[in-house]
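The following paragraphs lead from the overall architecture of a protein chain to selected details of its packing. Please keep the sequence and the model in view while reading.

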Amino acid sequence: SHEQGKIIEFKVTGAQIEMDRVLLDAVKPMILHILRNSVDHGIETLEERLVEGKPPKGTIEISARLDGSGVRLDIRDDGRGIDPQLVREAALRKRLISPEEAASMDDKSSLYLILEEGFSTRDFITDTSGRGIGMGVVKKNMERMKGHLSVVSEVGRFTEITLQLPLTLSIMEALLILCGG
């Protein structure tokens, strides 16, 4: 945030939630990537926030809570939100979708294009974004962990990414076979 001249308040709720060490080690890089995206893409500059009538200080909040048989992490920023039209246009430029798919895609579905490998709204690479690999890796890791990822956003108001994770990665499905007695 300092490198980009942005003032950000970082809040954490649910810090008392405990996770399996293997799960925590797997989820840390995903959280860091989502936080980088919030700073780089989500939170506006001081000037932009003032023009929009927002407080000068942007907010990024991580909340954790137990949810059924797992853990739910919500990462939310009060930034510019994700514009579904711009996402569709970027996906078209990168040839991730066809013009027909773009025309038939609703705004909610368009948000999930940010999870495709190779997707980026940036035409240039910075220290924090633009390579088009980050959110695709987050999606793959969530699938590998049998977790669920959801994206909700409102242009000009917020973006919230939710990670629903199992309590542990130590439990593995197995099939035991006894052969020859």
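A residue is called buried when its relative accessible area is under 20%, exposed when over 50%, and partly exposed in between, with a 1.4 Å probe and protein chains only. The model is predicted, so that local features need pLDDT of at least 70 and side-chain atom pairs count only at pLDDT 80 or more, whereas totals for chains, interfaces and linings use all residues. Residues are numbered from 1 along each chain as its sequence is written, and side-chain values use heavy atoms, with hydrogens and water left out.

The protein chain contains six helices and five strands; here helices (H or I, at least four residues) and strands (E, at least two) are DSSP runs, numbered from the N terminus. Their order along the sequence is β-α-α-β-β-α-α-α-α-β-β. Along the principal axes, the C-alpha atoms fill a box of roughly 75 × 45 × 30 Å. Of the 181 residues, 39% count as buried. The chain exposes about 11000 Å², of which carbon and sulfur atoms supply 55%; accessible areas come from the Shrake-Rupley method with a 1.4 Å probe, and for residues only the protein chains shown count as cover. Contact means heavy atoms within 4.5 Å. Among contacts between residues at least 6 apart in sequence, 66% join residues at least 24 apart.

How do helix H1 and helix H6 pack, and at what angle? Helix H1 (residues 21-42) and helix H6 pack at an angle of about 145 degrees, with their axes 10 Å apart. Axes are lines fitted to C-alpha atoms, for helices over the stretch in contact, and angles run from 0 to 180 degrees between N-to-C directions. On the H1 side the contact is made by Met30, His33, Ile34 and Asn37, and on the H6 side by Gly134, Met135, Val138, Asn141 and Met142. These residues divide into five nonpolar, four polar and no charged, where Ala, Val, Leu, Ile, Met, Phe, Trp, Tyr, Cys and Pro count as nonpolar, Asp, Glu, Lys and Arg as charged, and the others, Gly among them, as polar.

Lys146 has a positive phi of about 60 degrees although it is not a glycine. At 64% relative accessibility, Lys146 counts as exposed. Most residues other than glycine have a negative phi. Arg95, also not a glycine, has a positive phi of about 60 degrees. Arg95 lies in the loop between helix H3 (84-93) and helix H4 (99-104) and is exposed, with a relative accessible area of 75%.

Within strand E4 (residues 148-154) is Ser150. Ser150 is buried because its relative accessible area is 17%. Neighbours within four places in sequence aside, Ser150 is in contact with Tyr112, Glu160, Ile161 and Thr162.

Gln4 counts as partly exposed because its relative accessibility is 27%. Gln4 and Val39 are 35 residues apart in sequence, and their C-alpha atoms are 8.5 Å apart in space. The side chains of Gln4 and Asp40 are joined by a polar contact of 2.7 Å. A polar contact is a pair of N or O atoms within 3.5 Å; within protein, one must be able to donate a hydrogen and the other to accept it, and residues adjacent in sequence count only if both atoms are side-chain atoms.
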